[in-house]
Amino acid sequence: MSKALDAAALRLQFPILNREVNGKPLVYLDHAASSQKPIAVIEAQREYLMHYHANVHRGVHALSQQATDAFENARTVVQQHIGAAESCEVIWTAGATDAINLVAQTWGRDHIGQGDTILLTRMEHHANIVPWQMLADEVGASIEVVEIQDDGTLDTKELQQKLAKGPKLFAFTHVSNTLGTVNDARSLTAQAKAAGAAVLIDGCQAVPHMNVDVQALDCDFYIFSGHKAYGPTGIGVLYGKRALLEAMRPWRGGGEMIDVVSFENGTTYAGLPHKFEAGTPHISGAIALGVALNWINGIGAEAIMDHETMLAAHARKGLSSIEGIRFIGSAASAAGVVSFVVDGTHPYDIGTLLDSQGVAVRTGHHCTQPLMERYDIPGTVRASFGAYNTLQEVDTFVVGTVRSVRMLRD
Amino acid sequence: MSDLLQQRQHDIAEEFEFFEDWMERYEHIIELGKELDPIADGDKLDEHLIRGCQSRVWLLAAKDGDGNVQFRADSDAIITKGLAALMVRVMNGLPPVAIAQADLWFIEKIGLDAHLSPTRANGLRSMVQQMKHYGIAFQVQG
């Protein structure tokens, strides 16, 4: 057990949490959709724009040097944060969706062909489904899905059966955004590799809450977005093993990603990581993401995870007094997410009434429609917690939910 | 006939003036939703679904003996159904031309447009659009 964090003190670093919504203090429980930003992250972007904005990797002038240094330092922060062997294995992308599309359209096009299979799981969010469906349509491959059990954990028996059929790739989420289930990524990767499949892990919901070590996981690709990890929107990361990235063709063409451009002799490309970073990147976003990851490290990912699971347990306990409530996802190993439906009410209505009480939750399918189909529900109400949420806020949420359900039913 | 449309909107605006906050307004909207006659399951066809709503909303319309339009609406979410009930109350029994040309100022007056989440506001807009489309269609039919 790590040292408990002081959420009340941490909150002071998040200016947005001071505001009111509908005349009530904001209770922000939608961390899994996007986290709020600490002042250090906000200031990092501001500082860059105020004092040293210039294009990176271009000029000899001082500002460009300073911007390039900060931008590349941030890459090193990411490398160390996820335990990558080298910083050139860290590719900046526009986000997690962009990173998955990059892999699908480069590595995917070279390694997945007619008749091949891509293995996914029932709990993937749309960003880890649709790019593979598009690739499968283009090359004549097919998608197979590992189903889940009622508690929201992967059906490991089915995984074995489907791996035995020899898929080219197994792409799965480290942590489910809807269920909170934490997959044993190391074991899943080992099983997939033993079956000869490449492995891509979607770490969007893992990086903000737990320590990630891509070398220990031994995955081929690991992706995550910045904005769910206390960083800005519009920036994300693709990690890939160096040998794989080097063999991959570039995806988007343009400046930054070239070595020599010639009409007569053809164009040659830059080495890693710039080969995959065409055009001017989101410089302030990358720098601020580095600050965000350092901010997480300053508190400790384990302490954050412990705090969030404690809040989730408190919420479940409070909500369980509601008659007809059904929690969706009850894996033993779970992150700080509580997803539920209540008999005789629509998630959308509960979300609307909570909003009127200043409580922000997500309602709907959470971009996991296949998962909603599995449970035969239109969607859920989902409260997801961050380092800055307090027990008092969870109480406000529980009382608000009880009140909402009573209004909707009476 | 548009007098009737004006009168109904005034009534609703007045009704909503009494509420102090949005919880009370929603309480009222929920009541309206519960009072609105449900549509029989057999009539809840996909072709009657309104696009652009996070919850499902069905809207049916028919001309009565006097040539006026009678609406029926339902939703699987009760607040949405309450909003549908408000729309039906304002538009029901009007001639097609009045529906097609209706200026629904009460939505802004009671603060719905400002308060609703963008998805819900879109849903409400789609509902209004669909009612007007019925108005236009029945006009053309004559």
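The largest nonpolar core of this predicted model comprises 157 residues, among which A:Ile287 and A:Ala292 have the most contacts inside the core. A nonpolar core is here a set of buried Ala, Val, Leu, Ile, Met, Phe, Trp, Tyr and Cys residues joined through C-beta atoms within 7 Å. A residue is buried if 20 or more other C-beta atoms lie within 10 Å of its own, exposed if 12 or fewer, and partly exposed in between, with C-beta atoms placed from the backbone. Both domain 1 (7-30 + 301-409) and domain 2 (42-298) of chain A contribute residues, so the core lies between them; the domain bounds come from an automatic or database domain assignment. Apart from residues up to four places away in sequence, A:Ile287 touches A:Ala44, A:Tyr48, A:Ala70, A:Phe71 and A:Ala74, contact being defined by C-beta atoms, placed from the backbone, that lie within 7 Å.

Residues are numbered from 1 along each chain as its sequence is written, while chains are lettered from A and ligands numbered from 1 in the order in which they are written. In this predicted model, local features need pLDDT of at least 70 and side-chain atom pairs count only at pLDDT 80 or more, whereas totals for chains, interfaces and linings use all residues.

Chain A also contains an open sheet of 4 strands, in the order 13-14-17-16 and with antiparallel pairing. Helices (H or I, at least four residues) and strands (E, at least two) are DSSP runs numbered from the N terminus, and two strands pair if DSSP finds at least two bridges between them. Strand 13 (325-327) and strand 16 (362-364) of chain A each have a single partner strand and stand at the edges, so one side of each is left without a neighbour in the sheet. Strand 14 (residues 337-342) and strand 17 (residues 380-384) of chain A are joined in the antiparallel sense over 4 bridges; A:Val338 has A:Ala383 of strand 17 as its bridge partner.

In chain B, 7 helices and 2 strands are found, following the pattern α-α-β-β-α-α-α-α-α along the sequence. Buried residues account for 36% of the 142 residues of chain B.

The contact between the chains takes 13 residues from chain A and 12 from chain B. On the side of chain B that touches chain A, helix 2 (22-35) and helix 3 (78-91) of chain B are the elements giving two or more residues, and helix 2 of chain B supplies the largest share, 5 residues.

How values were computed:
Two residues are in contact if their C-beta atoms, placed from the backbone, lie within 7 Å.
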